[in-house]
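Biologist: I would like to learn how to read a model like this one. Where do we start?

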Amino acid sequence: MNFVEELRWRGMLHDIMPGTEELLNKGMAAGYIGFDPTADSLHVGSLAQIMTLIHFQRAGHKPYALVGGATGMVGDPSGKSAERNLLSEEVLQHNLAGIQNQLEKFLDFNSGANSAEMVNNYDWFKDFSFLNFIRDVGKHITVNYMMAKDSVKNRISGDTGMSFTEFTYQLVQGYDFYYLWKHKNCVLQMGGSDQWGNIVTGTELIRRKDAGEAYALTTQLIKKSDGSKFGKTEGGNIWLDPQKTSPYKFYQFWLNTSDADAKTYVRIFTLFDEATINALEAEQDAAPHLRTLQKALAKDITIRVHGEAEYEKAIKSSEFLFGNTGIEFLNELNDDEVIGLFEGVPNFAIAKNELQQGINAVDLLAGVTAVFPSKGEAKKMIQGGGVAINKQKIGTVDDVYNTDSLINGKYLVAQKGKKNYYLIIFEG
């Protein structure tokens, strides 16, 4: 497999240093991508770079995943990002463990010569004194070089200078490449197109310090066709950790992709070959309402991130909310999964003793809860057959519910019409 050509037909390739493709076609080479350890989980914004490493390894090359333990302890050198605060060593180690567990789902860490490896730049910076760093590294890259490299960005932003922290931070990233080139025979750094400047700082340091050769490759930054930011919803990031983003919500994120974006994402985020993708697109174009492409995309990514069982559960969750799956399905879910399934749905927390003597439907829906704003409205809609509890239509306004009615001993699910759900949680 030609790694560069694979990225090219998938629409992932952005820029590549001359000679890179020729080098990779000669045989196995080592390359790396850096990941930010500011959280104990990666999110879907990291998936494009993970996929790049997957293709790199599938092409017979050796992938390194660099986690910035040292740079993570610095935080955001510009001071502008609330998501990149200074981290303690304890928090950092926790984050690194979480990230490694996730990367092991995607990369093969036991495949012989081209096994993936995870490296942490804290390991080579922890005993590197500031004076030694300036003497051995800083003298090779000038401030003028950094400014020239970033001149376009500076002109756009109106920024005419670079703080000492930012200069040092970029130099540290350049040294990461030098270190891996020197000690791991790593000849290629990859990353998003916004990382090109940092990458070529590394290749320049390798050239100036040891007269060595190294290469650079960047991928397209992922954008949504409507111009909004990829990977975020109103609730924030879509994480790979099921404790942060439930498999159901993860599945729905991909399922709700627009037709235009689905055609882009299926190339970037799946391992489907070109013929398979072309066939899926043909089906999509013939019957867009079936959302064939979105379903294939969501299934593939959900299984690779969360596994087959969680994918099946996500399907059942969708069918429960939008189809005819019975209430018994909730008995298969734990409390976190139930709450995750009904995320964004109005919910009411009620003391369980409210049910000890039983409570009629009207008092339940317009007394102890506010599913209806008034008892009169509740009665009218119940009598019209438009209200259900636990997927069963309420027969009369005098129907009574008690603890025997609870799902998982804790929940009632009220429904107005087909799509308006309310979760009633009984506590105590």
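Modeller: With confidence, since this model is predicted. pLDDT is the predictor's confidence in each residue, from 0 to 100. Here it is lowest in helix H9 (residues 151-157), at a mean of 44, and highest in helix H1 (residues 3-9), at 98. Helices are DSSP runs of H or I with at least four residues, and they are numbered from the N terminus.

Biologist: What is the pLDDT over residues 151-158, and how many contacts does this stretch have beyond near neighbours in sequence?

Modeller: Where pLDDT is low, the predicted coordinates should not be read in detail. Over residues 151-158 the value is below 50, and the stretch has two such contacts (heavy atoms within 4.5 Å). The protein's mean is 87, and 87% of its residues reach 70 or more.

Biologist: What ground rules apply?

Modeller: Residues are numbered from 1 along each chain as its sequence is written, and side-chain values use heavy atoms, leaving out hydrogens and water. Local features need pLDDT of at least 70 and side-chain atom pairs 80 or more, while totals for chains, interfaces and linings use all residues.

Biologist: Which residue follows H11?

Modeller: Alanine 211, with a positive phi near 55°. H11 itself (residues 196-210) has 15 residues.

Notes. Helix = DSSP H or I, 4+ residues; strand = E, 2+ residues; numbered from the N terminus. Expected span 1.5 Å × (residues − 1).
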